[in-house]
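Here is a friendly walk through one protein model, written for someone who would like to know where to look. Please keep the structure open beside the text as you read.

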Amino acid sequence: MRAVWPVWVSGVLAAALFVGVSIYLWPLRPGVVALQFAWHPQTFGGIIHLWSEADLARYRGHLPVDMVTLLAYGAFGWLLATRTAAFAVLAPWTQACARLCLPLAAAFDAAENGFHWWLTAVPRFDTPATYLASTTCSALKWGLLIGFGVLVLRALSRALARAEA
C-alpha cells in the first residue's frame with residue numbers, strides 16, 4: 001500500500017488555507033462568491049465599486065495564497081482517490097471521476113484567479129467575453145467541488161451499507 005501521509009498533509013494544508021482565506025475575505029461585502037458569479041461587466045464592476053481601495057487590495061492580495069490553496073486541494077483530491085480505498089466501493093468510471101474532480105476544479109480556479117487578477121487591475125468593461133469566461137471557470141470549479149463532495153458522501157454511504165450487511 002502506498003503511503004497516505006501525503007493525503008493527510010495536503011488535506012490539512014488545504015483545509016487550513018481555505019479557512020484562513022475565508023476569514024481574511026470575510027469582511028468583503030458583497031462577498032467573493034458574488035464576484036465569482038458576476039457574468040456581466042457591469043455586475044462585476046458594481047461589486048468592485050462597492051469595495052473600498054483597501055477591500056480591493058485585500059481581494060487582490062489573497063490571489064497568490066489562493067493559488068497555493070488550489071494546489072493543495074487539487075493534490076488532496078488526487079491523492080485521496082489514488083492512495084486510499086475511499087472510493088473503492090464505487091464503479092470504476094465513478095472512481096475516475098473522483099480522481100479528476102479536484103484537480104480539474106483547481107485548474108478552473110487557477111484560470112478564474114488569472115481572470116480576476118486582470119479584471120481587478122483596472123476597469124475593463126469592453127471585454128464581456130472575459131467576464132463570461134471567468135464566471136464559467138467559477139461555475140465549473142464550484143460544480144466540480146460539489147461533485148467531489150457528492151462522490152465522497154456516496155462512497156461513505158455505500159461503505160456503511162456494506163458494513164451493516
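Ala75 is partly exposed, with a relative accessible area of 30%; here buried means under 20% relative accessible area, exposed over 50%, and partly exposed in between, using a 1.4 Å probe and the protein chains only. You will find Ala75 in helix H4. From Ala75 to Asp55 there are 20 residues in sequence and 30 Å in space, C-alpha to C-alpha.

Before going further, a word on the source: this is a predicted model, in which local features need pLDDT of at least 70 and side-chain atom pairs count only at pLDDT 80 or more, while totals for chains, interfaces and linings use all residues. Residues are numbered from 1 along each chain as its sequence is written, and side-chain values use heavy atoms, with hydrogens and water left out.

**The overall fold**

The protein chain has six helices and zero strands, where helices (H or I, at least four residues) and strands (E, at least two) are DSSP runs numbered from the N terminus. Along the sequence this reads as α-α-α-α-α-α. The C-alpha trace spans about 60 × 25 × 25 Å along its principal axes. Of the 165 residues in the chain, 37% count as buried.

Pro30 sits in the loop between H1 and H2.

**Paired charges**

Side chains of opposite charge can pair when their charged atoms come close. How many salt bridges does a search of the whole structure find? The search gives two, with a salt bridge defined as a side-chain nitrogen of Lys or Arg within 4 Å of a carboxyl oxygen of Asp or Glu.

In one of them, Lys141 pairs with Asp109, and the closest N and O atoms are 3.8 Å apart. This pair links distant parts of the chain, with Lys141 in helix H6 and Asp109 in helix H5, 32 residues apart. Lys141 counts as buried at 4% relative accessibility, and Asp109 counts as buried at 3%.

Glu112 and Lys141 also meet through their side chains in a salt bridge, at 3.1 Å from N to O. Glu112 lies in helix H5 and Lys141 in helix H6, so this pair ties together parts that are 29 residues apart in sequence. Both Glu112 and Lys141 are buried. Through shared partners, the salt bridges join Asp109, Glu112 and Lys141 into one network.

**The largest pocket**

The largest pocket holds about 770 Å³ of space. On a 1 Å grid over the protein atoms alone, a pocket is an open set of points where a 1.4 Å probe fits, with protein on both sides within 12 Å along at least five of seven lines, and lining residues have an atom within 4 Å of a point. Its volume is the space filled by probe spheres set on the points.

Which residues lie nearest the centre of the largest pocket? They are Phe18, Ser22, Thr69, Trp142 and Leu145, out of 31 lining residues. The elements giving two or more residues to this lining are helix H1 (5–25), helix H2 (32–36), helix H4 (53–83), helix H5 (92–119) and helix H6 (128–164). The lining divides into 18 nonpolar, eight polar and five charged residues. In this count, Ala, Val, Leu, Ile, Met, Phe, Trp, Tyr, Cys and Pro are nonpolar, Asp, Glu, Lys and Arg are charged, and the others, Gly among them, are polar.

Val33, Phe37, Trp39 and Leu132 make a nonpolar surface patch of about 350 Å². Patch residues have over 30% relative accessible area and no salt bridge, and nonpolar side chains (Val, Leu, Ile, Met, Phe, Trp, Tyr) are joined within 5 Å; areas come from the Shrake-Rupley method with a 1.4 Å probe. Trp39 is found in the loop between H2 and helix H3 (41–50), and this residue is partly exposed at 38% relative accessible area. Phe37 is in the loop between H2 and H3 and is partly exposed at 31%.

**Some separations to check**

| Pair | Apart in sequence | Apart in space |
|---|---|---|
| Ala139 and Gly74 | 65 residues | 17 Å |
| Phe37 and Ala155 | 118 residues | 30 Å |
| Cys137 and Asn113 | 24 residues | 9.4 Å |

Ala139 is in helix H6 and is partly exposed, at 30% relative accessible area. Cys137 also lies in helix H6, but Cys137 is buried, at 11%.

Note on methods:
Patches are made of residues with over 30% relative accessible area and no salt bridge: like charges are joined within 9 Å, nonpolar side chains (Val, Leu, Ile, Met, Phe, Trp, Tyr) within 5 Å.
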